[in-house]
Amino acid sequence: MEADGFMSRRLMSAETPGGNGGVAGASAGAEIRWLGGRMWGVSEGIVGGLSSRIAVESELQTVQVRAPAEASGTPEPDYECLPQHASTSTHMLAGAVAGIMEHCLMYPVDCVKTRMQSLQPEPAARYRNVAEALWRIVRTEGVWRPMRGLNVTATGAGPAHALYFACYEKVKKVLGDAVHPGHNSHLANGAAACMATLLHDAFMNPAEVVKQRMQMYNSPHRRVLDCMAAVWREEGARAFYRSYTTQLTMNVPFQALHFMTYEYLQQMLNPHRQYNPVSHMASGALAGALAAAATTPLDVCKTLLNTQEAGVQARIIYQVPSTAISWSVYEFFKYAITKHHHEKLVREGGAKN
């Protein structure tokens, strides 16, 4: 094994019978290379600019699994996988990007969910389904109306998700090594998710208060600062955290089930924990759907929702793509940043020699 190498590298040629089993789980290699190459091309500039701030931890552990040699005896590696442990700062940066992209892309659906789940909606804001709601909002209130409040959500999502993923990865590793060393531990995953949620919601709760007030039908608030000033002036600072404990009542079991399901699906679909966009997206979507369906009653209580069927539909429609986006973006940037650092260290080492 090479101390500074990455994990598995497999050949472009088909495996021969009885070949190395270490490359199992990479059957979607062609699709991964196609998607990964394009995603890397788009974000290489971003990663290059930001990753200079990230220190590579000395505890970074990597493993290289060699593929069987070709007939010529000279293997040509074509696929690099994630190291087993990325740095905490890498988790934070990847998490921040994932959180911002998740909330920005899903914000119009989140706006519809807020309206459909309100306790006493205005007659003009009663919708049959998500598609009809979006169409009516755009037609009657303007094309940008579903995006009102997006800036405060994006501002809160960056630091919230940075702490969220960094805390989860660190606590999961510490507890996992203590409970079940070298193996996936559902107990460690669930406990880590609970602790990460405490930090995430502490940052996101004020943004949620402002966002939901701006999303409501006929809201008097048109700008974020105006809404924040009005809440502060009329209700005081406590209003920004009035729903914090109730939010935790919903989010703690949701995130525990979400992360436990994601890790279990990764264990099944991607046992070698390679960078595999297909498995990350599928696992995230399924984990989000299951957690959303199981905790919808708590979501109803949190936001004083009624028990209409449309509320469950809107929540699941929001969570499935939302968690798929979050996990796939997070895993990609974690891979991209660490890969960029590795290549930089190799170049610097070569120059010194």
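This is a predicted model: local features need pLDDT of at least 70, side-chain atom pairs count only at pLDDT 80 or more; totals for chains, interfaces and linings use all residues.
The relative accessibility of Ser322 is 0%, so the residue counts as buried. Leaving aside residues up to four places away in sequence, Ser322 touches Glu102 and Met106.

## Cysteines

The whole structure has 0 disulfides. Cys111 is buried at 1% relative accessibility, and Cys227 is buried with a relative accessible area of 0%.

## Salt bridges between helices

Side chains of opposite charge can pair when their charged atoms come close. The structure holds 17 salt bridges. One of them joins Glu141 to Arg115, with 2.7 Å between the closest N and O atoms. Glu141 belongs to helix H3 (residues 130-141) and Arg115 to helix H2 (residues 88-116), so this pair ties together parts that are 26 residues apart in sequence. Glu141 is partly exposed at 26% relative accessibility, whereas Arg115 is buried at 2%.

Arg213 and Glu235 also meet in a salt bridge, at 2.5 Å from N to O. This pair links distant parts of the chain, with Arg213 in helix H5 (residues 186-215) and Glu235 in helix H6 (residues 224-235), 22 residues apart. Arg213 is partly exposed, with a relative accessible area of 27%; Glu235 is partly exposed, at 32%.

## Other charged groups

Arg128 forms a salt bridge with Glu132, and their closest N and O atoms are 3.8 Å apart. Arg128 is exposed at 65% relative accessibility, while Glu132 is buried at 15%.

A network of salt bridges links Glu169, Lys172, Glu263, Arg273, Glu331 and Lys334.

Key: Residues are numbered from 1 along each chain as its sequence is written. Side-chain values use heavy atoms; hydrogens and water are left out. A disulfide is a pair of cysteine sulfur atoms within 2.5 Å. Buried means under 20% relative accessible area, exposed over 50%, partly exposed in between (1.4 Å probe, protein chains only). Contact means heavy atoms within 4.5 Å. A salt bridge is a side-chain nitrogen of Lys or Arg within 4 Å of a carboxyl oxygen of Asp or Glu. Helices (H or I, at least four residues) and strands (E, at least two) are DSSP runs, numbered from the N terminus.
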